[in-house]
Amino acid sequence: MQHISIGGLNIHNVTMQQAVGRCLELAASGGGAVYTPNAEMAKLALDDPAFLALLNRGDLVVPDGAGVVLAAKLLGTPLAGKVAGVELAQNLLAPMQQRGLSLFLFGGKPGVAQRAAQAVRAKYPGLAVCGVADGYFDDEARRVSLIAQSGADVVFVCLGSPKQEYFIDAHRGQCHALMLGLGGTLDILAGEAKRAPAFFVEHNLEWLYRGAFDVKRWKRLMKIPAFLADVSRLRRTGEKDG
């Protein structure tokens, strides 16, 4: 698959439809790792060679945020568009049901994964949700065993970044499933949180909407201009690959 590089971070240049198709291929062929970096994650990758290498080991790495899409454009290597992790998850459910693929929901506060499972089963009654587990645990090995024993074809890993990416990278071989790092997706599936209104999503202002209603997010949101400043430096120096 074609990809572009932002300071050495490889992002696959795919549409949502292509991303869904690739996920289904991976799930059918024994699994893989899917990462969904936004500007905050990309900034961490540029600052941390170990995290950069981890993301680049992903079988599919899609641009979750408008900041990553803008960065690619600034570097003269435009992407097909944003592929938001929550939308990728939602777009996977119907074809998973059609293909008989099973799903494990992992992450969130206690009870969230169960409520997300109920919502998924109500909308896609033929989709097998074969297991759930919250994101609060001391014994990581038990979580890995639970996922592996469930026989899941696909696992939504929603532990927040970078914890979810490190979990996927460490255990993808043991779980034999397609594992996607999806942040707060379970909260949205469960109805615990809502996405920004369509206007903000369509105009790449979802970050502004979230910040306006949660001042605690501003420290994280400041990573966006910091990342774009790094990208501007890369553009000036011509160091697209870091």
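This is a predicted model: local features need pLDDT of at least 70, side-chain atom pairs count only at pLDDT 80 or more; totals for chains, interfaces and linings use all residues.
Two strands count as paired here if DSSP finds at least two bridges between them, and strands (E, at least two residues) and helices (H or I, at least four) are DSSP runs numbered from the N terminus. Residues are numbered from 1 along each chain as its sequence is written, and side-chain values use heavy atoms, with hydrogens and water left out.

**The sheet**

- Six strands make an open sheet in the order E4-E3-E8-E7-E5-E6, with parallel pairing.
- E4 and E6 (129–133) sit at the edges with a single partner strand each, so one side of each has no neighbour in the sheet.
- E3 (residues 32–35) runs parallel to E8 (residues 178–181), and 3 bridges join them.
- E3 is also parallel to E4 (residues 60–61), this time through 2 bridges, and there Tyr35 stands opposite Val61.

- Helix H6 (residues 112–123) lies across E5 and E6, at about 160° to E6; axes are lines fitted to C-alpha atoms, for helices over the stretch in contact, and angles run from 0 to 180 degrees between N-to-C directions.
- Helix H8 (residues 163–175) lies across E3, E5, E7 (154–158) and E8, running at about 175° to E8.

**Nonpolar cores**

- A nonpolar core is a set of buried Ala, Val, Leu, Ile, Met, Phe, Trp, Tyr and Cys residues joined through side-chain atoms within 4.5 Å.
- The largest one has 39 residues, and Ile6, Phe106 and Val155 touch the most other members.
- Setting aside residues up to four places away in sequence, Val155 touches Phe104, Phe106, Ile147, Ala177, Leu178, Met179 and Leu180 (contact means heavy atoms within 4.5 Å).
- A second, separate core of 37 residues includes Val20, Cys23, Leu178 and Leu186.

**Thr185**

- Thr185 belongs to helix H9 (residues 185–189) and is buried at a relative accessible area of 2%.
- Beyond its neighbours within four places in sequence, Thr185 is in contact with Gly85, Val86, Ala89 and Cys158.

**Salt bridges**

- The whole structure has 7 salt bridges, each being a side-chain nitrogen of Lys or Arg within 4 Å of a carboxyl oxygen of Asp or Glu.
- Arg22 and Glu25 meet at 3.4 Å, N to O; they are 3 residues apart in helix H1 (residues 16–28), so about one helical turn separates them.
- Arg22 is partly exposed, with a relative accessible area of 24%.
- Asp47 and Lys43 also form a salt bridge (3.4 Å, N to O), and both lie in helix H2 (residues 39–47), 4 residues apart, about one turn.
- Lys43 is buried, at 13% relative accessible area.
- Asp134 and Arg143 pair up with their closest N and O atoms 3.1 Å apart; Asp134 counts as buried at 18% relative accessibility, and Arg143 does at 16%.
- Shared partners link Lys43, Asp47 and Asp230 into one salt-bridge network.

Technical notes: Buried means under 20% relative accessible area, exposed over 50%, partly exposed in between (1.4 Å probe, protein chains only).
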